[in-house]
Amino acid sequence: MSAVLLIAIPLLAAFISILFKKYSIYLLFAVTIFNIANVFLATEGIIIIGGFSPPLGISLLVDTYSKIALLLVNALVLVIAALNVKAYPKYGTILLLVVAGLNGLVLTNDLFNFFVFLEISGIAAYLITASNKKPITTFRYLVIGAIGSSLFLLGLIILYSMFGTLNMVDMIKEIALNNNYQELVLPFTLMFIGLGVEAKLLPFNSWVKGILGHSNTFSGPMIASVYASAMGFVLGRFITNLFNFEGMLLTVVLVILVAGIVLSDIMAFASKKSREILLFSSVAQASMIALLFVNGIIIWAVYLIIANALSKTVMFMIINKAQKDVGSDEVKSLQGLFANNLVIGIIFTIATLSVMGLPLLVGFTIKLNFLTELADAGQIWTIAFILIASVVEGIYFVKLLLKLWYPEGNLIKVNYHLSFKLVFAIIALALLTFGVYQAPLDKLDNTVDTVMEVVNNG
Amino acid sequence: MIQYAAILLFVLGLYGIFISTNTIKMLVSLNILEIGLNIFIISIGFNYQGIAPILSSVSDTGLIYVDPLPQALVLTAIVIGVGTTALGLAFAKSIYQKYQSFDLNDMEESL
């Protein structure tokens, strides 16, 4: 089956769903299930569209890396939509746009086409965040997002004027022939800032606090898990294949990312609101993922994206449901939340401990492996800062867990639907399983290549 | 030369977004930024001696065409810009309905 259908079918379904609004969410379920099946059947390689051979026409690049991203994005959209089918039933059309936009972002091999998908997914994200009922924060997100994508477009147009191509593979070849990295600093910086806005990298992420700080069971996991993981994957694609930071730019990017990790964890530590703790932790994880890609540690960055997406889906949904029922997201107001919800408490604890990187959980395996690789690369200062941030992260998460487990005064009552518990339990089980059984992770390690390896090996 | 004017418009739009607190003025500034960007894109493919890139039966030996690709890109960028502006105006309207003001400073307390 062709990978083009992964974009075309959701777009077509989005138009059809306008005619059948009541059934739009069911159309979304059908499309995401079709997409998941299609990912397994899709042939790997460069897919030519419209008969124009590269570098002239638009082409898609299907490899193991993009397949992992597609599976994660489509599966998470399906799960989040299914869990919110009663509370947010009218978002089917927008979610179909999300699927088309994010699948396109992950698949496309054309830089301008990438910008178009960035805007499609961006507009869908603004509409999703409108469900927070906080129009000011959504408006700010729209303006910052529009500036980010304009900077990205400016950067790619400068690249086009330099190399005369928009095809990513072709551009990578042209850049390899051009030995002067100084000329590329400006377009790469502009594109990195543009992607950094959507990927929540500090200091380009001023929208995050307003959006995730007022999120609900739908918008929270959509932005913190689905969008974060898709943007993590595309950022990884750009950093490892196109940008290949060098010299002063590499130093500046490393400093920004390390500062992003440490400052975000400090902000989470200082926060007294549970949603803010989670959102600052997400920002720190986004910087960590980008840092791993910059250092060429691709496979562990991919695992970190997956583990983080699963953990944050569970954590945001549990906290946002509690906030909805209790009316506040202050840690103090949610004290003793798990005293009445043992199963949910255990699942939340597993997800949190995995993010912290405790042994027997997948987060530990990932942290141990990427720290070892950083040590091999001689990045001692980076390791030191990551360890400091991990200590801060450990303190605020343990404090949060203690408050949520031990009640003070009246017990608060939050009812989690059985479907919530079932899905969360499966995710927690996956985090536990891959923490102790790493054979599948090692197997996958050998199949993730860079774009040029994919092109050269056919 | 035209590229300097385009960059000036881009920076002017960026400045407008950062100093405005009025949602409508912010959207106008965003549009100025986008116009600057679109002119910059067009200027990349422009050539003073160039003619319109249309294939004809007349021999094209020695003719210089302007690059048609930036023109196609700008068309798409304009459409996307219109979509974003329309959505931004919808949010501005919903802010007005909620707070009876377009000025973000007036509603900081309501946040």
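Two residues are in contact if their C-beta atoms, placed from the backbone, lie within 7 Å. Keep in mind that this is a predicted model.

**Exercise 1.** Find out how many residues of chain A are in contact with chain B, and which elements of chain A they come from.

*Solution.* 
Step 1. Apply the cut-off: 19 residues of chain A are in contact with 27 residues of chain B.
Step 2. Look for elements of chain A that give two or more residues to this side; they are α5 (111–129) and α6 (135–163).
Step 3. Find the largest share: α6(A) provides it, with 14 residues.
Step 4. Sort the residues on chain A's side by type: 15 are nonpolar, 3 polar and 1 charged.

**Exercise 2.** Describe how strands β1 and β2 of chain A pair, and where the side chains of β2(A) point.

*Solution.* 
Step 1. Strand β1 (residues 45–48) of chain A pairs with β2(A) in the antiparallel sense, over 4 bridges.
Step 2. Pick one position: opposite Ile47(A) stands Leu60(A) of β2(A).
Step 3. Follow β2(A), residues 59–62: Leu60(A) and Val62(A) point one way, Ser59(A) and Leu61(A) the other, and all are buried.

**Exercise 3.** Decide how compact chain A is.

*Solution.* 
Step 1. List the elements: chain A has 19 helices and 2 strands.
Step 2. Compare sizes: the radius of gyration of chain A is 21 Å, close to the 23 Å that the globule rule gives for 458 residues, so chain A is as compact as a globular protein of that length.
Step 3. Turn to burial: 57% of the 458 residues of chain A count as buried.

Definitions and conventions
Residues are numbered from 1 along each chain as its sequence is written. Chains are lettered from A and ligands numbered from 1 in the order in which they are written. This is a predicted model: local features need pLDDT of at least 70, side-chain atom pairs count only at pLDDT 80 or more; totals for chains, interfaces and linings use all residues. A residue is buried if 20 or more other C-beta atoms lie within 10 Å of its own, exposed if 12 or fewer, and partly exposed in between; C-beta atoms are placed from the backbone. Two strands pair if DSSP finds at least two bridges between them. Ala, Val, Leu, Ile, Met, Phe, Trp, Tyr, Cys and Pro count as nonpolar, Asp, Glu, Lys and Arg as charged, and the others, Gly among them, as polar. The radius of gyration is taken over C-alpha atoms; the globule rule is 2.2 Å times the number of residues to the power 0.38.
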